[in-house]
Amino acid sequence: MSQLIQCHNLSFAAAGRTILQNVDLTISAGEIVSLIGPNGAGKTTLIRCLLGLEATASGTITRSPELRVGYMPQRLQTDPSLPLTVMRFLKLAEQPRDTPANALAETGAMHLAERALSALSGGELQRVLLARALLREPDLLVLDEPAQGVDIGGQEDLYRLIGKIRDRLGCGVLLISHDLHLVMASTDHVVCLNQHVCCHGHPQMVSADPAYLELFGEHQRAALVPYAHHHDHDHDAHGDVIKKTTG
Amino acid sequence: MPEFLWHAVIAGSMVGMIAGPLGSYIVWQRMSFFGDTLAHSALLGIALGLLSGVASGLAVLICCALVAVALVYLRGQSRLNQDSLLAIIAHSSLALGLVVVSFSAKNSVDLSAFLFGDILAVTRADLITIATSVVICGVILWRYWNKLLAVTVHPELAEVEGLPVHSLRLTLALMVALLVAAAMKIVGVLLITALLIIPASSAGNLARSPEHMAIIASVVATLSVLVGLGFSWSADTPAGPSIVVAATLIFVATLFAGPAKNRAG
């Protein structure tokens with residue numbers, strides 16, 4: 001598999017507070033990578049660094065040449081005073097390779113084409129934002145909490161759709177999610193982030209990892225593998241890493 | 001109709017036309033305080049022009065352009081409280097401008113003309129300057145409309161898609177600076193932002209697309225300028241406030257005339 005984007009030793013701090021610490025991550029073509037982690041773990045910041053939106057990140061980020069990125073942001077910040085239909089919004093995409101009608105059909109949002117962007121529900125907006133990302137037929141699809149505001153049944157559909165898109169375009173997918181069950185069922189690679197990469201790997205491996213269990217609490221444990229071994233650090237109240245002292 | 005009134009009418013119409021699309025961008029990007037800060041710094045430009053002997057129009061343009069560049073740069077600095085920063089720059093430059101102007105009182109400067117606009121003030125040379133500014137803004141808006149719109153809708157999405165977001169923001173800020181310098185003599189520094197915001201908001205009550213909103217805003221702004229100047233001429237009221245009162249009356253009318261889209265959604 002060809003590597004699309006890779007970061008090595010990526011660190012980021014804002015206002016004197018560490019947000020990311022020595023993060024290594026690789027996304028290859030055809031692979032779905034999920035970022036999970038508690039609130040404030042730096043998931044969105046990591047995505048922003050990879051997209052080149054954070055100028056002050058340190059470490060190395062390597063992109064394959066001519067990488068086309070499709071980005072689905074977490075929300076739309078557009079002022080309601082801007083009268084914009086879904087169709088007009090899609091036509092604002094730079095260097096599209098597909099038509100807005102095709103993209104809307106793929107995400108099942110064709111009926112929204114002439115609706116005002118400001119009048120969409122959460123789930124409808126997610127489909128429109130995904131269509132905008134697809135217009136560029138990206139090599140790498142980056143989705144910041146795609147299932148946000150979508151009901152449970154809709155979330156399953158959405159993950160199935162993301163899988164289909166991956167199959168059709170052969171693109172790599174990086175997504176942030178909160179719903180662990182869905183992530184575990186529909187992802188090739190899980191990265192558990194809490195400022196640093198706590199653990200990563202195949203969903204089944206990660207769900208048995210003590211670092212994962214610690215982050216996501218006791219209620220996850222019953223359904224998964226028992227706590228097997230100690231890991232080498234703890235987290236303080238801010239989520240910073242504290243090395244365990246021996247003895 | 002006397003010649004100076006023709007000057008004011010022609011200059012005002014040109015300013016009104018370009019205030020439509022620029023005002024729409026200011027409303028969409030919630031930049032009204034930014035516009036205010038630029039307008040207030042125009043008075044500092046006048047004062048510095050008086051001190052240095054540079055023509056006031058040029059001095060205002062240079063001062064506003066520098067403030068615009070500084071504000072676009074500072075916008076990215078998350079450590080600073082943007083709201084307070086804008087207020088500090090706006091009011092300190094206005095205050096400094098007023099103090100400096102009062103020192104050079106021997107030049108018999110009519111402060112109220114700068115603050116509130118004066119229909120007697122527009123000269124033939126001003127007309128050429130204003131026409132040049134309006135043409136420059138018009139060409140840039142026409143040429144980069146979609147890119148400016150993409151940055152307005154979602155700056156980060158635009159950046160990921162490869163647009164030069166920072167340059168586009170700077171372009172928009174410099175166009176507002178250009179308009180402030182052009183409109184200052186007619187509307188006055190204290191009310192320039194109103195000529196940008198109120199017609200665009202009126203248009204927002206009626207429009208179905210961004211372009212539609214920009215055009216309606218141009219019509220409303222031009223109409224406000226003409227009605228305001230007429231009233232200022234016949235009733236001897238200050239030009240800027242008369243224009244803004246006219247714009248506000250139109251805005252109130254659009255509240256009742258508009259489609260229900262925003263209220264329903």
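In chain A, helices α4 (122–134) and α5 (152–169) each supply at least two residues of the lining of the second largest cavity. That's one stop on a quick tour of this predicted model. The tour takes in the cavities first, then a pocket in chain B, and then some helix pairs in chain B.

**Cavities**

- How many cavities of 30 Å³ or more turn up? The count comes to 2.
- The second largest cavity holds about 30 Å³ of space.
- Around the second largest cavity you'll find A:Gly123, A:Gln126, A:Arg127, A:Val150, A:Gly154 and A:Leu158.
- Helix α4(A) gives the most to that lining, with 3 residues.
- Sorted by class, the lining of the second largest cavity has 2 nonpolar, 3 polar and 1 charged residues.
- The largest cavity has a volume of about 40 Å³.
- Its lining is made up of A:Ile5, A:Ile27, A:Leu50, A:Leu51, A:Arg63, A:Val69, A:Leu140, A:Val142 and A:Leu174.
- By class, that makes 8 nonpolar residues, no polar ones and 1 charged one around the largest cavity.

**A pocket in chain B**

- The second largest pocket comes in at about 320 Å³.
- Its lining draws on three helices of chain B, α1 (3–28), α6 (124–153) and α10 (210–235), each of which supplies at least two residues.
- Which helix gives the most to this lining? It's α6(B), with 5 residues.

**Helices α1 and α10 of chain B**

- Two of the helices that line the pocket, α1(B) and α10(B), also pair up: their axes come within 7 Å and cross at roughly 145°.
- Helix α1(B) passes α10(B) in a right-handed crossing.
- The residues of this contact divide into 18 nonpolar, 7 polar and no charged.

**Helices α9 and α10 of chain B**

- Helix α10(B) has another partner in α9(B), and here the axes come within 8 Å and cross at roughly 125°.
- At that angle, α9(B) and α10(B) are therefore oblique to each other.
- Their crossing is right-handed.
- On the α9(B) side, the contact involves B:Leu195, B:Pro199, B:Ala200, B:Ser202, B:Ala203 and B:Gly204. They meet B:Met213, B:Ile216, B:Ala217, B:Val220, B:Ala221 and B:Val225 in α10(B).
- Class by class, this contact has 10 nonpolar, 2 polar and no charged residues.

**Helices α9 and α11 of chain B**

- Helix α9 (residues 192–204) of chain B also pairs with α11 (residues 239–257) of chain B, their axes coming within 8 Å and crossing at roughly 20°.
- How do these two lie, roughly parallel or roughly antiparallel? With angles under 35 degrees counting as roughly parallel, α9(B) and α11(B) are therefore roughly parallel to each other.
- This time the crossing is left-handed, with α9(B) passing α11(B).
- From α9(B), the residues in contact are B:Ala194, B:Leu195, B:Ile198, B:Ser201 and B:Ser202. Across from them in α11(B) are B:Ile243, B:Val244, B:Ala247, B:Thr248, B:Ile250, B:Phe251 and B:Thr254.
- This contact has 8 nonpolar, 4 polar and no charged residues.
- B:Leu195 and B:Ser202 take part in the contact with α11(B), and they also meet α10(B).

Notes. Residues numbered from 1 in each chain as written. Chains lettered and ligands numbered in written order. Predicted model: local features only at pLDDT ≥ 70, side-chain atom pairs only at ≥ 80, totals over all residues. Heavy atoms only, no water. Axes fitted to C-alpha atoms, helices over the stretch in contact; angles between N-to-C directions. Helix = DSSP H or I, 4+ residues; strand = E, 2+ residues; numbered from the N terminus. Parallel < 35°, antiparallel > 145°, perpendicular 65-115°, else oblique. Left-handed = near helix turned anticlockwise from the far one by under 90°. Contact = heavy atoms within 4.5 Å. Nonpolar A, V, L, I, M, F, W, Y, C, P; charged D, E, K, R; others polar. 1 Å grid on protein atoms, 1.4 Å probe; cavity = no way out; pocket = protein on both sides within 12 Å on 5 of 7 lines; lining within 4 Å. Points joined across faces, edges and corners; volume = space filled by probe spheres on them.
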